[in-house]
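Please take a look at the protein chain below. Keep it in view as you read.

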Amino acid sequence: MNLLIKMGNRRFILFTLILLLKCCLAWFVVFEDGPSVATMLTEIPFFWVVFCLIEWFATKRKLLYYTIANLLFTLLYFTVLMYYKYYGVIVTYHALNQADKVTQVGDSTYSLMDPYYLLVFVDIIVLVSIPLWMRSRAKGVQLNLRPISRKAISVLFVVSVVLCYLSIWPNRASMNENKQAEEMGILNYEFYTIFADDKVDAAMVDMNEITQDRIDWLKGNALSGEPQHYGAAKGKNLIIIQMESLQNFLIGLQVDGQEVMPNLTRLAREDFRYDNFYAMAGQGTTSDAEYVVNTSLYVPKHEPATKNNVKKDLPSLPKLLKAQGYDTATFHTNDVQFWNRTELYPALGFDRYYDKSFFGDTDHIAFGSSDEVLYAKTIEELKRMDESGKPFYAHVLSMSAHHPYNLPEGKQRMSIPEEMQGSMIGRYIAAQNYADYALGVFIDDLKSSGLWDDSIVILYGDHQGLPVYSMSNDERELMREMVGHEYGYADMFNIPFIMHVPGVTYPSVIEQTGGQVDILPTVANLIGASLDNQLHFGQDLLNSDSNVLPMRHFLPTGSIVMDTGVFIPGNDYEDGTNYPFDGAELPEGYGASRDEYERALELLNLSDSYVKQLPDRIPQ
C-alpha cells in the first residue's frame, strides 16, 4: 500500500477501500463471524488482480474501467446478499440461468432486502465525487495521477495472484459451500466454482451398478417379507395436495386464542400425521417439490430439476399409475411456463395439466387466481374424472400463501397481534390461515361428493416458508416464543405430511422420519403397484422405521436429515454440527455418524448418475 501511495495512484487506493467496505457488508450478512482481517487477506488480492490488469492494458479511460469493475463487483456482492437471505447458501454462476425469475417474483425478492443493503451501491457517490475531487487541483491541491510503473504492476499482480491461490487451494476440498466461501473469500470462491466445479463432483457411477438393493442398503432400509398394507387401497383415487410454504409448527398453533390452521389441524387429528417429515426441494422450490414427489429422485446440484432432468425419460408416479389404468392430471393456477412446467409435466407423464389458462386470473393472489378459485374449479374436474369409471390421480398445488405473504386485506380472516403486525411472521400466519380456510372448503366438497371415501388423500408442504436466514432478531424472538425453543434448521424444513386412506389410517401421530422422496413408494404400496422395475430413492413409510434424507441447495452439500435431527458439515464431517429436532442438546454419540454422512453423499451421486444416463425423452 505504501508503494502505491508513493506513486500517487489514488484511483487504486480509493476503489480498493470502496470495495472493501462493500465486501465487509456482505460478510456481515452472510457469515456468522462477520468481517475480519481474513476478509482483507482473501478479498483485496482479487481486487488488485483486476486493477493491475486495468493499469497494465488500459492506456486511457482508466477511471471508466475502474468504475465498470466496481459496478460488477458491487452487483456480485448484492446478489450474494439477496440470494443468501432466501436460499441460505452462496450464489454461484449457475443461478444466472434463473435470473429471469427475479422479475417474475419481484415482490418476493424485494421483500428480502434490508434498506442498508443499498449501501453497496456507494459507487454512485464515487462516480459523482471523483470528478469533484480531481477539480480540487485548481484550489492548490496537487494530485499525482501518473501511471504506476510496469515493474510495480507486475510485482503486485504476481503477489495478488499468489495470495488468491493460497486462499483457494487449501480449501478446495471443503464440503460446506458456505465454509468454503468464507475460507476462500467470496470472489475467490466465485472464480473457483467457474473453473473447478465439474472437477470436484463425484465420479459418475455406471448405470449397471445403480441398483435398488444398493440404494436400500445405503439408506439402511431392509424390508423382508410381504409389506404391510400392500394393495390396501387398490383402485382408489389418489389426490395429493401440495400446500405452498406450509411448515409443520402451524398445526395446532394458536395465536391470541385463534387457531391458525383449524382445518389442517382437524385432519391431522383424524388420520396419519407424520411429525418428522421434511421438504427436499432445491433451487426450483415448488417445481422441485413436484419433481421429487413424482419421481422419488433427489433434486440436481446447482440447478432446478426443470432445467435438464426433464429432458430425460424419467420414471414417475403418473407413469406408474397410468400402467394401473389411472387417469392423471395436475392443477396449478400459475402459468405453466413458470419453472418450465411445459417440459416438467410431459416428462412426469401427466395426461394433462390445468394452469392459468384454465383458472383465469380472477380473485388474484400472488401469481394467479386464489386458492378458493383453484379448489372450486378443481372439484368440478375431479367429479368429471370420477364419472369416467377410471380411478384418477390429481396433483393439486395451492399458491395463495406464497412469499412475501401479501394477502389482500379482504382475504384476511384472523386478527394479527400487534407485536406481529408488519412482520414477515405476521403476514405468513395470516396467509396460511386463509390457505387453511380455502382447503377446508375443498375437503368439505370432497366429502359431500363422495370422493373423500373413495380416495387416498395426501397433504404436504412444498418447502419452507420462514427461512431462518431472512429473519430479524425480533422475528427470531417471536418464533422462539411460538415453537418453544430457538427456531432453527430442523424447524424450518419440517413440513406437514398427512395421509388419509380409507380402511387403513386412523388418528395417529407418527414420529418416524420421512421426506418428499418417500411419497411415491408409500403410494405405490397402497395402490398395489410393483416398483420392482422402477428405481426409487425413497422408502415406503408404512413399512420402515428409520430414514436418511440427503439435503441439497438450501443447506450445504453433505447435510442430512436423520432420525435424531439435522446434520450440517463444516469443512468436512469432523467439524460438522448436529441440530436436534426440538432444539435441545443431543446426548453424546446421538448425532450423524461418519458412515451416515458418507452414505448420504453416495446416495446423491447415485441419483445424479442415474438421471444423467437415462435415455432422452422423446417429445410427444
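This report goes from the whole chain down to single residues.

## The model and its confidence

This is a predicted model, in which local features need pLDDT of at least 70, side-chain atom pairs count only at pLDDT 80 or more, and totals for chains, interfaces and linings use all residues. Residues are numbered from 1 along each chain as its sequence is written, and side-chain values use heavy atoms, with hydrogens and water left out.

The pLDDT is the predictor's confidence in each residue, from 0 to 100. Its mean over the chain is 87, and 88% of residues reach 70 or more. Over residues 1–8 the pLDDT is below 50; this stretch has 17 contacts in the model beyond near neighbours in sequence. A contact means heavy atoms within 4.5 Å. Residues 140–144 also have pLDDT below 50, with ten contacts beyond near neighbours in sequence. Where pLDDT is low, the predicted coordinates should not be read in detail.

## The chain as a whole

The chain holds 22 helices and 16 strands. These are DSSP runs, numbered from the N terminus: helices are H or I with at least four residues, strands are E with at least two. Of the 620 residues, 59% are buried. Buried means under 20% relative accessible area, exposed over 50%, and partly exposed in between (1.4 Å probe, protein chains only).

Among contacts between residues at least 6 apart in sequence, 76% join residues at least 24 apart. The chain exposes about 25,900 Å², and carbon and sulfur atoms supply 55% of this area. Such areas come from the Shrake-Rupley method with a 1.4 Å probe; for residues, only the protein chains shown count as cover.

## Nonpolar cores

A nonpolar core is a set of buried Ala, Val, Leu, Ile, Met, Phe, Trp, Tyr and Cys residues joined through side-chain atoms within 4.5 Å. Which residues touch the most other members of the largest core? They are Phe-47, Ile-241, Phe-331, Leu-382 and Ile-458, out of 179 residues. Leaving aside neighbours within four places in sequence, Phe-331 is in contact with residues including Tyr-354, Phe-359, Leu-382 and Val-396. Apart from this core lies another of eight residues, among them Met-562 and Tyr-573.

## Links across the sequence

Phe-121 sits in the loop between α6 (106–110) and α7 (123–135). Is Phe-121 buried or partly exposed? Its relative accessibility is 25%, so Phe-121 counts as partly exposed. The C-alpha atoms of Phe-121 and Lys-22 are separated by 8.3 Å, though these residues are 99 apart along the chain.

Arg-214 belongs to helix α11 (residues 212–219). Leu-606 is 392 residues away along the chain, yet the two C-alpha atoms are separated by 9.5 Å. Leaving aside neighbours within four places in sequence, Arg-214 is in contact with Val-205, Glu-209, Glu-602 and Leu-606.

## Backbone details

A cis peptide bond joins His-403 and Pro-404, with omega at about 15 degrees. Pro-404 lies in the loop between β9 (392–397) and α18 (424–449).

Asp-256 is not a glycine, but has a positive phi of about 55 degrees. Its place is the loop between β2 (254–255) and β3 (258–259). Asp-256 counts as exposed because its relative accessibility is 60%. His-302, also not a glycine, has a positive phi of about 70 degrees. At 17% relative accessibility, His-302 counts as buried.
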